[in-house]
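Keep the structure open while you read.

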Amino acid sequence: MYKIVQIVPALGWGGAQVFCIQLCNELAKHSDYEVTLISMYTYDEKKHLPLSMLDKKVKFISLGKKNGIHLKMFLRIYKTLKQIKPDIVHTHLHSAYYCFYAYLKLKCNYKKVHTLHNLAKQDAPPHGRKMFKYFFKKHIIEAVAISGEVYKSALEEYGSCIKTLIYNGSDEVKPSVAFNETADKINSLKKNPATKILLNVARITKQKNQQLLLDVMRTFENQNVIAIILGDYLAGDKMIYNELISNKPGNVYFLGKVANVSDYLLCADAFVLTSTFEGMPISLIEALSAGVVPVCTPVGGIINIVKKNIGFLSEGVSKDAYIKALQSYLNADASTIQNLKNNGKELYNKEFSMQTCAEKYNALYHSA
C-alpha cells in the first residue's frame, strides 16, 4: 500500500483547503493508495468545510492544535507520521513549519513536498522563509509553485533549488440539489431578466480588496448589472466587513458563506476578482469550468490564465483601471462572450482539471 499524507493547518473555507480535499479525493481513486488528510486544528463544523466533501476512502485526522505557537504540535506530528509510516508527506500553508522536527528526526525513507500557494513573500513571513530556504536548499523538501508568477517569486526568494511548477487544479463545477432554489434567489435580486450578474467568491479580507469592487459598482448603479459577494470573514477582518456593509452601493449584495458556490457560478455572467495579490485562485479555475467570463486585476497567477481570449484583465489595481476592464466586458457582444466562455472551458479541460493536476503530483511523488 502506497501511503500519502496531506497536511493543512485547518479545513477553513479557503481555496487551498478546497484544493487539498479535492486532491485527496482524486488520489484516493488509486486502489493501492492509502490517503490521509491531517488537520492540525480541531475540526469545527461551524467554521470549517463540511467533511462530506471528503471521499470516504480518505482517512481524516485532527490533531487539536491551539491558537498561536503550539510546541506540542511538533511532537504530535512526529508521532503521527511515525505511526503511519508514509511514502509521501505533502504540506500546505503554514503546516510545514510543524513538520520540520519530524523531517529531521524521522529517518525512514519518505518524500516531502510543500506547495507554495501564494507569491513567496506573501506565502510565509521572514522567519518562515528562512526556514523554508534551509529545507529547500538541502533538498529535504521539494517545493511546488502553483503558477508562473508564484514560480518566479520563489526563484527570487529561494534560488535555483526551486524546480517544480504544477498549476492548481479543481473539480469541474456542477449543479447541486439546491440549484433551482439558488437560481430563484438570484433572479429575485435582478433589476429585470436581462440584468448581468457579477460574482465575487472570496473571503472578506484586505487581500481580496472588495472595497475596490464596491467603489467600481457605485459608478455602475445606473447600468443593468449587480454584484454578488460570497465569502465569510475571520475575526480579525470583522472591521473590514462592517465598513464594506455600511458603505456598499445598492447594486451589491453580500450573501456570506454558502455551501453551494457551484450553483452561483452556474448562474453568473462574469466572475469578478479585485485582489491586490494572489497565487492561483481556485475560484477562478472553478469559474472557467462553469463557463463564466473572468474580469480580474492583474496580480499573481491570474495573469497566467486571463489572456485576451479568456477574459478581461485590468491594467492595474486602481478604480479607473478596473472600471475600464468591466466596461469592456459589458460592451462585448454576445458572440465575443460565447467565444470567451468556450475558450475558458477548453483551457480548464486542458490545463486545470483536478485530474490533470493530481496526475502531475502523482508523477512528482514517484520521481527520484
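Predicted model: local features only at pLDDT ≥ 70, side-chain atom pairs only at ≥ 80, totals over all residues.

## What sits on helix α7

The cover over the buried residues of α7 includes β8 (196-201), β9 (225-230), β10 (252-256) and α10 (261-267). Which residues of α7 (179-189) are buried? They are Thr-182, Ala-183, Ile-186 and Leu-189, where buried means under 20% relative accessible area, exposed over 50% and partly exposed in between, with a 1.4 Å probe and protein chains only. Looking down the axis of α7, these buried residues fall within an arc of 120°, so they line one face of the helix; the arc is taken from the directions running from the helix axis to the C-beta atoms. Turned away from that buried side are the exposed residues Asn-180, Glu-181, Asp-184 and Ser-188.

Residues are numbered from 1 along each chain as its sequence is written, and side-chain values use heavy atoms, leaving out hydrogens and water. Helices (H or I, at least four residues) and strands (E, at least two) are DSSP runs, numbered from the N terminus.

## Strand β1 and its partners

Six of the seven residues in β1 (2-8) are buried. On pairing (DSSP has to find at least two bridges between two strands), β1 runs parallel to β2 (33-41) over seven bridges, with Val-8 partnered by Ser-39 in β2. To get from β1 to β2 the chain goes through α1 (15-27), in a right-handed β-α-β crossover; that is, with the strands pointing away from you, the path from the first strand over the helix to the second runs clockwise.

β1 also runs parallel to β4 (88-92), joined by four bridges. Here Val-5 has Val-89 as its bridge partner.

## The six-stranded sheet

Another stop is an open sheet with parallel pairing, in the order β10-β9-β8-β11-β12-β13. Its edge strands, β10 and β13 (312-313), each pair on one side only. β12 (293-296) and β13 share two bridges, and Val-295 pairs with Phe-312.

Notes:
Contact = heavy atoms within 4.5 Å.
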